[in-house]
Amino acid sequence: IAHMRMPEKGESISVSPDGSEAFIVFPDTDEILVVDAASRQFVRRFTVGDEPRFVLALPKTSAGPGNE
């Protein structure tokens with residue numbers, strides 16, 4: 001367990017199945033931020049629909065966009 005400073009208050013968090021990334025929902029800014037668990041650094045930011053509340057991290061599969 002570790003602490004890190006967030007840019008604003010998050011609503012919920014989901015951890016990737018392998019534990020390498022955390023996905024944090026920020027409904028006030030309509031974003032999901034991705035944190036690298038090892039470095040505790042923000043690595044990606046996604047703008048999503050109005051006021052997201054939850055995110056679900058699923059394992060990558062061998063089929064689908066970006067997983068060829």
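Two exercises follow, each with a worked solution.

This is a predicted model, in which local features need pLDDT of at least 70 and side-chain atom pairs count only at pLDDT 80 or more, while totals for chains, interfaces and linings use all residues. Residues are numbered from 1 along each chain as its sequence is written, and side-chain values use heavy atoms, with hydrogens and water left out.

**Exercise 1.** Work out the strand order of the open sheet.

*Solution.* Strands are DSSP runs of E with at least two residues, numbered from the N terminus, and two of them pair if DSSP finds at least two bridges between them.
- Step 1: β2 (residues 21-26) pairs with β3 in the antiparallel sense over six bridges, with Phe 26 facing Glu 31 as its bridge partner.
- Step 2: β3 (residues 31-36) and β4 (residues 41-47) are also antiparallel, over six bridges, and Asp 36 is opposite Gln 41.

**Exercise 2.** Find what links Glu 31 to Arg 45.

*Solution.* Apply the salt-bridge rule: a side-chain nitrogen of Lys or Arg within 4 Å of a carboxyl oxygen of Asp or Glu.
- Step 1: The side chains of Glu 31 and Arg 45 form a salt bridge, at 2.9 Å from N to O.
- Step 2: Glu 31 is in β3 and Arg 45 in β4, so the pair ties together parts 14 residues apart in sequence.
- Step 3: Glu 31 is buried at 10% relative accessibility, whereas Arg 45 is partly exposed at 48% (buried is under 20%, exposed over 50%, partly exposed in between; 1.4 Å probe, protein chains only).

Terms used:
Helix = DSSP H or I, 4+ residues; strand = E, 2+ residues; numbered from the N terminus.
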